[in-house]
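Here are some friendly notes to read alongside the model. Keep the viewer open as you go through the points.

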Amino acid sequence: MRFSEAWLREWVNPSIDTQTLADQLSMAGLEVDAVEPAAQEFNGVVVGEVLSREQHPDADKLSVCSVNIGADEPSQIVCGAKNVAAGMKVPVATLNARLSPEFKIKKTKLRGVESLGMICSASELGLAESSDGILPLPADAPIGMDIREYMDLNDQCIEVDLTPDRGDCLSVAGIAREVGVINRSPLTLPEIPAVEASVDDVRDANVMATNACPRYLSRVIRGINKSATTPDWMVERLRRSDVRAISPMVDITNYVLLELGQPMHAFDAAKVSGAIQVRMANNGEKLTLLDGAEATLRDDTLVIADDNGPLAMAGVMGGEPSSVTDSTDDIIFESAFFAPLAIAGKARSYGLHTDSSHRFERGVDWQLQRTAMERATALALEIVGGEAGPINEVVSEADLPKLTPIGLRRERIGRVLGIEIDDASVVDILERLGMQLTATDDGWSVVAPSARFDMSIEVDLIEEIGRIYGYANIPANLSAAPVSIVLQAENAFVLDKAKATLVSRDYQEAITYSFISPEMAELITPDAEKIELANPISADMSIMRASLIPGLLNTVKHNVARQQERVRIFESGLSFERINGELVQRQRLAGAVCGPAGVEQWAQPQRKVDFYDLKGDLEAVLSQVADINEFSFNAGEFTALHPGQCARITRGDQHVGWIGMVHPQIQQKLDLPATFVFEVALDVIEQGNVPAFEPLSKFPSIRRDFAVVVNRDVAVGEILEAARKAAPAVVKAVQLFDVYTGENVDASSKSLALSLILQEFSHTLTDPEVDAASAKILAALEEQFGAKLRD
């Protein structure tokens, strides 16, 4: 919501400066995002009158004007605008005026003719992005007056970011109410008298969906002036509210929306056939909207229609066929209350978002429609003329919201806010907020204003009391409360510790959305059942993720596209799957790496990260749970991973996760470099082994190395697992330190060099004992894999 401070101060004018006003709004929960000048910095621009205009003697597109700027003599100014004419009032930048820090007006000659100033357009003054000609001023503009003073350009535009529950503040009136309450300042409400009907024309309205539209008002205005234009004061207020002026009728409805918070619409009466109908759409009905797009309507969408079909999407956007144009003679104003639930999500489901839908979704004061209709009628008669008919109102009292009393206990206020507020202050605050109070034995019965859809329970009222009383006025104190310490099992997996481990290995934590695009879901997890959102933020975020990998790959793509060659990221979060008809959420940890294995430096050559780099990082995390040898990395197949560089991670007979290189086709489709990922389910590894102390032997350890020749297809992991199982107790470790293929080894085989670390606690091992342990391991390898000791 953006508004002019000068406009706001016409409603309420406390004795505070702009910054204090902004701070007050933010502290009251209406966060101020920006405070900007209403116009760019310039000086030396005054109101002038063009006395005469003559063609430039040497330029077809230039004219020589004599301009009265209130000085002793008229100023001669050369102008290139087509619309300049004698008798016009215009903004004139005088000699030495500055339109920007770099743009100073100097005496100059244009094609040989002296020019002593510049006649300005709106864009040159920063009042518009572009202009077709100079800015015409009203005929009564005082000559010589500073244009900043005349147009009140020493104003500030304030933009507030409102939470969804504060729809009542989506107007100047709503903001003014808040400022008045905070500063105990009276409101100066504009006079909005009822407009007497001068013609009897009424367009019947038939409201069929009364639960969605409990109140509908319409009014016919005949014989409007088609050549009328929107007055400058309204155009300027709309501009400062970031709304572009379009035409008088559209501008009037936008003005009322900004001023009072009531969305309105104007139909061309000649284009409405028969009575107005407020009904639910029929499936498949078509409506061309004001933006030119054609919408195919659903039966859950409320529409305004006539005998020929839909005229507008209620509370969202009008239709182009019934819109007001330059040839319109008669109009029908619409002012309605649409139930928030009937409008919520409808605009977004059609790919739209409008000022009207933004307000109706949050709730519009259901007692405001007649006031808004009278305001719009008065403005229309003032600007475009015509004759107004009577207001036609259709209302279903049973479907209107009810003003339900809310109980407020005085002792509850102290418990929630942590401070005792006297009864007089409570009553004063709530009454200034427009609430009606009735005293009860333990507090009050409170009825909130019709504009406050956010008031429904006791704590809502307490929040209002704290907000207006001032959170800064509530003293800070250390509250005493019973503390129960939750014991963490010693063998539990600690996610924070895992994150710290990855960070220490040069990873950065990423946080991505739980929603992904259908295309990404099909690419990474095609076998998982798609869980679609009923009301997605956008089409690209319509599927609940079954894996964390899609979000990480999008993050890698985003960084690589911005010249970040080396990416190392991880994420923890929930995945969502439908299993046997039920939604299952699982906590997962995933990581992705690409680019160089390390930071560039002189002491070692650069190389690309590979599968084993990522495997080592993951093993560092898994080792927090148990001995890493309890986890197996076995070749497997996962749709999103390279079939030759993919491993299934298991712990015993439990599936833990996957690790591998992203499938080349996916890398090509996403325009990624060689990228490696892992993902593990945390519920499988949440219980680990309790650390146990083992005494150190006093006797030396012995290392015995040997090489075995096995078939190339045998996995090294299987060899190591078999060796460890066969090893007697004196063997403390079995490690692989070399893999060889080539000369003196058959092409179908490979040589694996293993080292055994042997140690005894009671004595120094002898050669026969070492030989026996080695022989036992060799025998097991020969029996299971046909391994032969290499010569």
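1. Arg 166 is buried, with a relative accessible area of 5% (buried is under 20%, exposed over 50%, partly exposed in between, using a 1.4 Å probe and protein chains only). Its salt-bridge partner is Glu 178, and the closest N and O atoms are 2.9 Å apart; a salt bridge here is a side-chain nitrogen of Lys or Arg within 4 Å of a carboxyl oxygen of Asp or Glu. The pair links distant parts of the chain, with Glu 178 in helix α4 and Arg 166 in the loop between β11 and α4, 12 residues apart. Glu 178 is buried as well, at 3% relative accessibility.

2. A word on provenance: this is a predicted model, in which local features need pLDDT of at least 70 and side-chain atom pairs count only at pLDDT 80 or more, while totals for chains, interfaces and linings use all residues. Residues are numbered from 1 along each chain as its sequence is written, and side-chain values use heavy atoms, with hydrogens and water left out.

3. The structure holds 47 salt bridges. One of them pairs Arg 222 with Asp 201, at 2.3 Å from N to O. Arg 222 lies in strand β13 (residues 215-222) and Asp 201 in the loop between α4 and β12 (205-207), so this pair ties together parts 21 residues apart in sequence. Arg 222 is partly exposed at 25% relative accessibility, and Asp 201 is partly exposed at 27%. Salt bridges with shared partners also join Arg 166, Asp 168, Glu 178, Arg 452, Asp 454, Glu 464 and Arg 467 into one network.

4. Within helix α1, Arg 9 and Glu 5 sit 4 residues apart, about one turn of the helix. Their salt bridge has its closest N and O atoms 2.8 Å apart. Glu 5 counts as buried, at 6% relative accessibility. Helices (H or I, at least four residues) and strands (E, at least two) are DSSP runs, numbered from the N terminus.

5. Which residues of helix α2 (residues 18-27) are buried? They are Leu 21, Ala 22, Gln 24 and Leu 25. These residues cover an arc of only 160° around the axis, which puts them on the same side of α2; the arc is that of the directions from the helix axis to the C-beta atoms. Their cover includes β1 (2-4), α1 (5-11), β2 (31-37), β11 (156-161) and α4 (172-183), where contact means heavy atoms within 4.5 Å. After α2 comes Gly 29, with a positive phi near 95°.

6. Strand β3 (residues 43-55) runs antiparallel to strand β6 (residues 89-100), joined by 6 bridges; two strands pair if DSSP finds at least two bridges between them. Val 47 has Pro 91 in β6 as its bridge partner. Another 6 bridges join β3 to the antiparallel strand β4 (residues 63-68), where Asn 68 is the bridge partner of Glu 49.

7. How many disulfides are there? The count is 0, taking a disulfide as a pair of cysteine sulfur atoms within 2.5 Å. For Cys 65, the nearest cysteine sulfur is that of Cys 79, 5.3 Å away. Cys 65 is buried, at 2% relative accessibility. The sulfur of Cys 646 is 19 Å from the closest cysteine sulfur, in Cys 594, too far for a bond. Cys 646 is also buried, with a relative accessible area of 5%.
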